[in-house]
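Biologist: Can you walk me through this one? I'm new to reading structures.

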Amino acid sequence: MSIWKKDMSLVGLNASSANTLVAHLGIEYTAFDDNSLTGTMPVAPHTHQPLGMLHGGASVVLAETLGSLAANMCVPEGKYCVGLDINANHLRAMREGTVTGVATPVHLGATTQVWNITIHDERGRDVCVSRLTMAVLSDKRADKPLEERANGG
């Protein structure tokens with residue numbers, strides 16, 4: 001049984017990243033199944049730290065991107081999720097290539113969610129493991145007319 005409560009397509013998910021940090025870092029959603037969301041990020045100068053290795057912060061952005069989007073896709077209309085806490089353990093340095101992250105739920109509650117995100121290299125070796133805690137909130141704008149919501153009301 002699928003955890004997703006909203007319709008998903010890779011085209012739609014990737015389009016939602018236009019003009020964001022996600023697009024700037026080259027993160028792409030590549031797959032989802034009934035219980036996980038997968039995405040990739042290049043390891044290149046724009047994701048490096050000054051020593052020429054994958055920046056730990058870029059790994060955290062990939063982890064939070066996957067976990068946050070997944071969290072928001074498995075709550076019903078009228079609800080949304082925001083991040084409360086994220087941690088990451090950086091296990092392996094990378095200088096080039098592509099990393100792949102997979103977000104899977106640990107807990108999908110009414111008020112909180114917890115996600116594991118494992119990031120690995122092309123050989124399947126773990127590069128970073130992360131845990132993300134999300135708050136589930138009610139969209140107070142859902143009762144307002146569309147025009148009012150669009151104007152920040």
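Modeller: Here is a short tour, from the whole chain down to two residues.

Modeller: This is a predicted model, where local features need pLDDT of at least 70, side-chain atom pairs count only at pLDDT 80 or more, and totals for chains, interfaces and linings use all residues. Residues are numbered from 1 along each chain as its sequence is written, and side-chain values use heavy atoms, with hydrogens and water left out.

Biologist: How many helices and strands does the chain have?

Modeller: It has 4 helices and 6 strands. Both are DSSP runs numbered from the N terminus: helices are H or I with at least four residues, strands are E with at least two. From the N terminus the elements run α-α-β-β-α-β-β-β-β-α.

Biologist: How many bridges join β5 and β6?

Modeller: They pair over 9 bridges. One example is V114, whose bridge partner in β6 is T133.

Biologist: New topic. Is T47 buried or exposed?

Modeller: T47 counts as buried because its relative accessibility is 2%. Buried means under 20% relative accessible area, exposed over 50%, partly exposed in between (1.4 Å probe, protein chains only). T47 sits in the loop between β2 (36-43) and α3 (56-73). Leaving aside neighbours within four places in sequence, T47 contacts L25, M41, P42, M53, L54, H55 and A58.

Biologist: Where is D121 found?

Modeller: D121 lies in the loop between β5 (112-120) and β6 (126-138). D121 is buried too, with a relative accessible area of 4%.

Biologist: What does its side chain reach?

Modeller: The D121 side chain reaches the backbone nitrogen of R123 at 2.9 Å. Beyond neighbours within four places in sequence, D121 is in contact with R92, M94, T98 and V127.

Biologist: And buried residues across the chain?

Modeller: They make up 36% of the 153 residues.

Technical notes: Contact means heavy atoms within 4.5 Å. A polar contact is a pair of N or O atoms within 3.5 Å; within protein, one must be able to donate a hydrogen and the other to accept it, and residues adjacent in sequence count only if both atoms are side-chain atoms. Two strands pair if DSSP finds at least two bridges between them.
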